[in-house]
Amino acid sequence: MNTATGPGTASIGTMNSFSGSLPSHEYPLPVVLAGARGHGHWHLANIRRLQDKGLVRLAGICELTPLTAAELGGFTAPGELPEQSADFGALLDSTGAAIAVICTPIPTHTDLALTAAARGVHLLLEKPPAPSYAEFRRMADGVAAAGVVCQIGFQSLGSQAVPAIRELIAQGAIGRVDGIGGAGAWARAEEYYRRAPWAGRRRMNGVDVVDGVLTNPLAHAVATALALDGSTRAEDVTGIETELLRANDIESDDTSCVRVTTAAGHRIAVAATLCAEHPDEPYVLVHGTSGRITFWYKQDRVLVQRSGHGPQEITYGRTDLLENLVEHLEGRAGLLVAPDSTGAFMKVVEAIRQAPDPVALPADAWYLKADENRRIVHGVDGLVTAAADTLALYSELGASWALPKEVST
């Protein structure tokens, strides 16, 4: 079959069977990038960086409309032009790809990942890995059965701050952990929701999309908080409460919070908005009985505050996930973000998917900042901060526009 997967992405060629034995490749490893526009530009530049190091070679780009010479940028030198095709499976076959980087609309992830897995091609799959838990399991189980390696693109989990914070927690540096908060106060113009047909949608053409603030742009806040708690697998989640709201004229949520109860008895509360008055760096906050640790995950910056010590701030290094995948295939490193280590995050996605559609905020709850063409929710910056500080939901913080929470177990 050769079925289109959605606007701006590749099509899916016929799946070939794969025995499960890993193919041998000479370095640099040939890479195919599916979805090279939008966030795919970042992957294109990163592949260029790793190609200059001799680790990979851009062998193909899968887009419905081929990239122009200007879009290809550094890949226009003689002998460097990648093959381009709208047929993902055929491109993997013709290029002999060892790795596929998939940066396409969320609903296409599972089918494209399984197309690659069927050919023995290893994967870097952008987050969120799937729009539903069922699709996630279909992807993860299929990849495992094929015997290929799959890295999920939660780049924050490549930060060396994550194991360092986990070690501080294990050492009791801040006493007993009471819970973990997360805060993301970002801003997006209305054009953000017009960039692609699936943007800001919960469903499209009868297929789940779930492109909400906690599941896509600020998904790292949720995944990182879960990782710091050591609650990354699906079975680590025992309860989920959600409050989903929207100021923009969209289907999905842009101002939401979620609280997860873990098997360890901890609470993890993450609040996020794309309607902040003063956008700031997102962070995760670990609450202890004798201190706290703040992690600004995009900056790899950590602040440790504890009893009997002065504040200590450290900036850590970060391991690129594609580079880690290559090193893992060489036997030189453990894989940082395997599919099953995102199972807890996918339980949150599923709770958001199953929750009632987000509630439109009343007109007096937000205003339009005309010069930036974006909507701002009154007081939301402070509410996001307070939620991370107190592990409370918007409704518990007294937000007049917040409805009673939805509970999922």
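1. In strand E17 (residues 301-306), Val302 is the bridge partner of Phe295. Helices (H or I, at least four residues) and strands (E, at least two) are DSSP runs numbered from the N terminus.

2. The model is predicted: local features need pLDDT of at least 70, side-chain atom pairs count only at pLDDT 80 or more, and totals for chains, interfaces and linings use all residues. Residues are numbered from 1 along each chain as its sequence is written, and side-chain values use heavy atoms, with hydrogens and water left out.

3. E16 pairs in the antiparallel sense with E17 over 6 bridges and with strand E15 (residues 283-288) over 5 bridges; two strands pair if DSSP finds at least two bridges between them. A hairpin through 2 residues joins E15 to E16. The hairpin of E16 and E17 has 4 residues between the strands, and Asp300 there takes a positive phi near 60 degrees.

4. Strand E16 (residues 291-296) is largely enclosed by the rest of the structure, because 5 of its 6 residues are buried. Buried means under 20% relative accessible area, exposed over 50%, partly exposed in between (1.4 Å probe, protein chains only).

5. Helix H9 (residues 343-354) has 9 of its 12 residues buried, among them Phe345, Met346 and Glu350.

6. An unreviewed UniProt entry places "domain: GFO/IDH/MocA-like oxidoreductase" at residues 164-293. UniProt positions are in the numbering used here, feature names are shortened, and annotations may be inferred rather than shown by experiment. Residues 164-293 are 14% helix and 36% strand, with end C-alpha atoms 11 Å apart.
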